[in-house]
Amino acid sequence: MKLLLTGGCGFIGSNLTRTLIDNSDIDSIIILDNLSTGYKKNIEEFRHHKKVHFANGDIRDIDLCQELCKKSDAVCHQAALGSVPRSVKDPISTNDHNIQGTLNIFTAARDQGIKRVVYASSSSVYGDEETMPKVEQRVGRPLSPYAVTKKAAELYADNFGSLYGMEMIGLRYFNIFGPNQSPDGPYAAVLPLFIQALLNNEPATINGDGSFSRDFTYVDNAVQANIKALFTTRPESINQVYNIACGYRTTLSEIWKLLNEITGKNISPIHGPERQGDIPHSLADISKAKSLLDYSPNIKVREGLEKTVEYFKKS
C-alpha cells in the first residue's frame, strides 16, 4: 500500500507514522502537512526513512491533493484545524480547513481511483445529545463551529461512499492524549498543559469546577484504530463511523489528582470559567468498534498518563 497521510506532522499523525513505518504492508507514506499546527520535529527521527516522503503543503490546495492522491492507494486523513475555542473565535478558518480541505481530499481520492479513505472525526459531533454512553447512531445539535465541521465531514463521507462506491471509515476520537501533543499556544489541549505545569512546579487552570468528565484515550489506541480501519476486509466494517475511546470517563479533577501522584507533586489547581462550546460530559460506547474493527484499547488512562509524563520529562 502507498499511503497518503494528511496531518502527519501533527500529534496523532506523527504517532501514526511511527507505527506505519514498521508495517510490512506499507510501501510508502506521503506526509502532507502545512505545519500550521504540526511540527516537523515530530517526524524528525524518521524524516529520512526510505518509506517517508514529506510534502509541505495544504489540504486546501486541490491541485496538490490531486497530485498526491495520484501517487497513493489509500488515504489516512488526520489534517484539521483543531480546538473548540479556536473555532468559536475564528469559524471561517476552521471551516476552510476542516470542510473545504476535507472535501478536497475526498474529491481527489475519488478522481484518482482511491477506494479506502480513513478520516478523523470527533466526539464533538454528539453536541447536546445527553444520552451516555454515546452511541454512534445518536447525535445531537453541534455546540461549536468545530463540531459542525466534523459532522459535515461525516456527511460528505456518507455521500462519497454511497455515490461513488468508495470505502469511507470515520473515527470519532474522544480526547486523545500522549507524546507529541504540544502544550504551546493559546489552544493547547488540557493534558499537556497540566503535565507541563506540574513538571514546572506550577498550578494549572481547570476550566470550571473540575467536574466535567471526558473519555480520555491514549494515542496508541487511536493509532491501532486507524490501522484496523485501513486494512479491514470485512464488508460490514466499511462506510461506518466509530467511537474511538476507552469506554470510561474521568473528571478533570481526577486527572489532576492522578498527575500529581505520577509526578510526585501536591499542587492545587486554579479554577477558571467554563469554556464556551464545551460539552460537560463525554463517554463512549465502543462496542461497535470492538465488534466490526476488532478494536481493543489496550492502554488505559493511568498507564497512558505515565507514558506521557515520561515523554514530557525527556523532551
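**Rings, helices and a buried serine**

Let's start at F160, which is buried (under 20% relative accessible area, with over 50% exposed and partly exposed in between; 1.4 Å probe, protein chains only) at a relative accessible area of 5%. This is a predicted model, in which local features need pLDDT of at least 70, side-chain atom pairs count only at pLDDT 80 or more, and totals for chains, interfaces and linings use all residues. Residues are numbered from 1 along each chain as its sequence is written, and side-chain values use heavy atoms, leaving out hydrogens and water.

Y164 is partly exposed, at 38% relative accessibility. Ring pairs (Phe, Tyr or the six-membered ring of Trp, centres within 6.5 Å; planes under 30 degrees apart are stacked, over 60 edge-to-face, the rest tilted) link F106, Y119, F160 and Y164 into a cluster. The structure holds seven aromatic pairs. For F160 and Y164, the ring centres are 5.0 Å apart and the planes stand at 70°, so this pair is edge-to-face.

Now turn to S123, in the loop between β5 (116-122) and α5 (145-164); helices (H or I, at least four residues) and strands (E, at least two) are DSSP runs numbered from the N terminus. S123 is buried, at 10% relative accessibility. Beyond its neighbours within four places in sequence, S123 is in contact (heavy atoms within 4.5 Å) with R172, Y173, F174, N175, I279 and S282.
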